[in-house]
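Open the model in your viewer and keep the selection tool at hand. This tour goes stop by stop, from the whole chain down to single side chains.

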Amino acid sequence: MELWIPLGLVATAIHGFSTVYSKRLYDLAPHPAQVAFFCLFATGAVSLVLLPWVEFSDPRGHWLDIILVGAPFALGHYAFVLANRYGDASFVVPMMGFKVFFVALFAAIWLGEHYNPWVYIGAGGAVAGLFFLNDGRLSATLAALLLVLANCILYALTDVFLVRLFRAGFNALEVMVYLFAGGALFMVPIALWVLRGRWQMTRPFARGLAVFGLSQGGGGVLLMFAFAVAQKATLVNIIQSSRGVFAVLAVFVISRIGIRGLEVLDRGQYLSRGIGAIMIAASITVALLAR
């Protein structure tokens with residue numbers, strides 16, 4: 001098994017937890033509008049801790065790619081957190097798997113990635129599994145659907161420019177700093193306008209942000225290494241389609257622990273989402289074997 005596959009799976013499992021956990025932050029934040037911005041700032045702060053170990057490459061000639069990594073990531077994150085506010089986490093996170101279609105399209109245009117038909121069939125099967133993960137229906141507000149769609153497009157653009165930086169010789173840690181710290185910096189002017197003085201911080205909210213930032217940052221390191229090793233945006237995203245499976249598992253575990261702020265699933269929902277999980281796992285296997 002190639003190294004990028006387990007790296008991608010572990011990163012996806014960690015991010016499955018953190019994206020579900022972010023729903024709880026709305027119960028902890030003094031103002032709901034703080035969640036999207038403070039989550040991004042927490043992740044950016046965690047990435048800066050790695051600076052002593054980062055060897056930066058000469059950025060000349062690659063400034064556009066660096067900017068186009070951080071900016072769409074920040075906007076995509078903002079769209080995700082808002083979608084998580086208007087829809088259930090177990091709906092929003094699995095629906096993010098549709099990103100794989102946009103990645104395949106953008107990677108074909110900008111990265112020259114092309115695969116045999118079975119890889120795309122595997123990607124389609126993974127997305128079909130997401131339908132079952134959503135109980136076989138689209139039970140969300142229009143706002144949540146549009147925000148998830150925006151998130152998929154923006155995150156797909158981010159992944160394409162990640163691979164462009166890796167192909168140019170940048171290393172995993174420096175790209176992570178450009179992604180997380182650059183994205184946080186990009187959102188500062190927007191936060192100043194949207195929050196307008198609502199910067200109060202409570203201890204419970206700070207602890208929740210620490211959990212989110214550390215899990216996002218830790219998963220981010222592994223994911224950057226997966227992209228750096230594979231240098232294939234579409235294949236890594238097929239692996240990431242399993243995020244919905246880990247999200248459902250996270251809902252189950254967190255609800256059993258007794259942490260408030262998340263939805264509670266019934267037996268029928270777990271059955272439907274179990275079928276979706278099997279479909280996604282089989283589709284990922286088909287895609288990886290066929291490439």
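What follows is a walk through a predicted model.

**Stop 1: the whole chain**

Show everything as a cartoon and colour by secondary structure. How many helices and strands does the chain have? There are 13 helices and zero strands.

Now switch to C-alpha atoms. Along the principal axes, they fill a box of roughly 50 × 50 × 30 Å.

Colour by accessibility next. Of the 291 residues, 54% count as buried. Then turn to contacts between residues at least 6 apart in sequence: 89% of these join residues at least 24 apart.

**Stop 2: H1 against H10**

Two packed helices are described by the angle between their axes and the distance between the axes. Select residues 4-21 for helix H1 and residues 203-230 for helix H10. Their axes come within 8 Å and cross at roughly 155°. Angles over 145 degrees count as roughly antiparallel, so H1 is roughly antiparallel to H10. The crossing of this pair is left-handed. Which residue classes make up the contact of H1 with H10? The contact has 15 nonpolar and eight polar residues, and no charged ones.

**Stop 3: His 15**

Stay on H1 and pick His 15, which lies in this helix. Is His 15 buried or exposed? Its relative accessibility is 7%, so His 15 counts as buried. Show the side chains around it. Setting aside residues up to four places away in sequence, His 15 touches Ser 215, Gln 216, Gly 219, Gly 220, Leu 223 and Arg 243. Among these partners, Ser 215 and Leu 223 fall within the 203-230 range of H10.

**Stop 4: H4 against H8**

Hide the first pair. Select residues 63-86 for helix H4 and residues 142-167 for helix H8. The axes of H4 and H8 come within 8 Å and cross at roughly 155°. H4 and H8 are therefore roughly antiparallel to each other. H4 passes H8 in a left-handed crossing. In the contact of H4 with H8, the residues divide into 22 nonpolar, four polar and two charged.

**Stop 5: Thr 158**

Zoom in on Thr 158, found in helix H8. With a relative accessible area of 2%, Thr 158 is buried. What does Thr 158 contact, leaving aside its neighbours within four places in sequence? The partners are Leu 68, Val 69, Pro 72, Phe 73 and Leu 179. Of these, Leu 68 and Phe 73 are two examples inside the 63-86 span of H4.

**Stop 6: His 31**

Finish in a loop. Select the stretch between helix H2 (25-28) and helix H3 (34-48), and pick His 31 there. At 23% relative accessibility, His 31 counts as partly exposed. Leaving aside its neighbours within four places in sequence, His 31 is in contact with Arg 198 and Gln 200.

Draw a C-alpha to C-alpha distance from His 31 to Gln 200: it is 8.3 Å. In sequence, His 31 and Gln 200 are 169 residues apart.

Technical notes. Residues numbered from 1 in each chain as written. Predicted model: local features only at pLDDT ≥ 70, side-chain atom pairs only at ≥ 80, totals over all residues. Heavy atoms only, no water. Axes fitted to C-alpha atoms, helices over the stretch in contact; angles between N-to-C directions. Helix = DSSP H or I, 4+ residues; strand = E, 2+ residues; numbered from the N terminus. Parallel < 35°, antiparallel > 145°, perpendicular 65-115°, else oblique. Left-handed = near helix turned anticlockwise from the far one by under 90°. Nonpolar A, V, L, I, M, F, W, Y, C, P; charged D, E, K, R; others polar. Buried < 20%, exposed > 50% of the residue type's maximum accessible area, 1.4 Å probe, protein only. Contact = heavy atoms within 4.5 Å.
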